[in-house]
Amino acid sequence: MSPSPPPDINFLTGAECRECIMVKDLLISQHGYGEFAADLVIEKFKTKLDVGHPYSSTKIDIDNERTLFMELAIQETNDHKAARDLATQCYLRWKKTRLEHIYIPDQVKAMLRELHQSYKLLLLTNGHSVVQREKIDACQCQEYFDLIVVGGEYREQKPARSIFQECFNLLGVKPDACVMIGDSLKTDIEGGVNSGVRATIWITNNNEIPSGENAIPDYTVKSVLDVKDILENIKSKV
């Protein structure tokens with residue numbers, strides 16, 4: 001039997017993402033799960049993804065690992081002895097839906113094309129090589145960047161100085177000729193500051209304010225589309 005929520009407890013799982021909704025529908029419509037049990041499976045799976053293995057390891061079969069995470073989530077929720085087939089179904093649906101909805105908005109594409117005429121553009125992303133390369137292929141972003149660097153393919157990832165130095169070397173530029181743009185204070189902004197870039201631009205739309213523990217960005221914007229004007233401002237001061 002699928003577990004039910006205890007009385008007077010509202011179970012909030014954050015299962016609103018498209019891939020989670022699709023897995024939840026599969027569990028409920030085809031395998032008799034109740035809504036609470038389906039949400040619990042998804043939440044346990046997401047928790048295991050967050051813990052995972054260090055994503056610098058390229059030796060891991062990432063699909064096999066994540067199918068195992070799904071299998072464990074199902075077993076922990078519903079005490080199924082044989083959950084591999086169901087776990088495979090759920091994970092493949094999760095992955096397919098996720099990749100189908102990764103895209104670059106047209107306005108951002110237009111901005112990148114314009115910037116590419118004046119600047120060298122490098123995309124630096126943390127993560128397991130296979131996972132990140134699948135995302136890159138899904139959104140077809142290669143044409144907008146001179147280089148794409150996946151941290152999981154190197155010894156260290158953001159915010160380590162070594163990965164930033166690798167990017168400077170690949171572009172053939174000095175750190176103070178670069179601007180780091182990102183949405184993470186911990187990896188993007190801290191890494192950029194510690195690596196000596198000319199400026200950092202932090203993209204955040206939730207009114208978050210950096211604390212004393214965080215690196216302080218030179219500029220803060222709510223949309224990536226605001227970056228173009230800031231780059232022109234920085235260029236005018238050089």
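Q: Which element gives the most to the lining of the largest cavity?
A: In this predicted model, helix α4 gives the most to that lining, with five residues. The elements that give two or more residues to the lining are α3 (62–78), α4 (84–100) and α6 (129–139).

Q: How many cavities of 30 Å³ or more does a search of the whole structure find, and how much space lies in the largest?
A: The search finds one cavity of 30 Å³ or more, and about 90 Å³ of space lies in the largest cavity.

Q: Which residues line it, and what is the make-up by class?
A: The largest cavity is lined by I62, D63, R66, Y91, W94, K95, R98, L99, I102, V131, E134 and K135. Sorted by class, the lining holds six nonpolar and six charged residues, with no polar ones.

Q: Switching to the backbone, which peptide bond is cis?
A: The peptide bond from K158 to P159 is cis, and its omega is near 10°. As for where this sits, P159 lies in the loop between β2 (147–150) and α7 (161–171).

Q: And which residue other than glycine has a positive phi?
A: Q140 has a phi near 50°, which is a positive value in a residue other than glycine. Q140 is placed in the loop between α6 and β2.

Q: Is Q140 buried or exposed?
A: Q140 counts as exposed because its relative accessibility is 55%, and the cut-off for exposed is over 50%.

Q: Now α5, which residues are buried there?
A: Helix α5, residues 106–116, has V108, M111, L112 and L115 buried. Seen down the axis of α5, these buried residues fall within an arc of 100°, so they line one face of the helix.

Q: Why would spacing like that put residues on one side?
A: An α-helix has 3.6 residues a turn, so residues three or four places apart point the same way.

Q: What covers that buried set on α5?
A: What covers the buried residues of α5 includes α9 (227–237).

Q: Last topic, confidence: what is the average pLDDT, and where does it stay under 50?
A: The protein averages a pLDDT of 89, and 89% of the residues score at least 70. Over residues 4–15, however, pLDDT stays under 50, and the model has 15 contacts beyond four places in sequence for that stretch.

Q: How should coordinates be read where pLDDT is low?
A: Where pLDDT is low, the predicted coordinates should not be read in detail.

Definitions and conventions: Residues are numbered from 1 along each chain as its sequence is written. This is a predicted model: local features need pLDDT of at least 70, side-chain atom pairs count only at pLDDT 80 or more; totals for chains, interfaces and linings use all residues. Side-chain values use heavy atoms; hydrogens and water are left out. On a 1 Å grid over the protein atoms alone, a cavity is a set of points where a 1.4 Å probe fits but cannot get out, and a pocket is an open set with protein on both sides within 12 Å along at least five of seven lines; lining residues have an atom within 4 Å of a point. Grid points are joined across faces, edges and corners, and a volume is the space filled by probe spheres set on the points. Helices (H or I, at least four residues) and strands (E, at least two) are DSSP runs, numbered from the N terminus. Ala, Val, Leu, Ile, Met, Phe, Trp, Tyr, Cys and Pro count as nonpolar, Asp, Glu, Lys and Arg as charged, and the others, Gly among them, as polar. Buried means under 20% relative accessible area, exposed over 50%, partly exposed in between (1.4 Å probe, protein chains only). The arc is that of the directions from the helix axis to the C-beta atoms. Contact means heavy atoms within 4.5 Å. pLDDT is the predictor's confidence in each residue, from 0 to 100.
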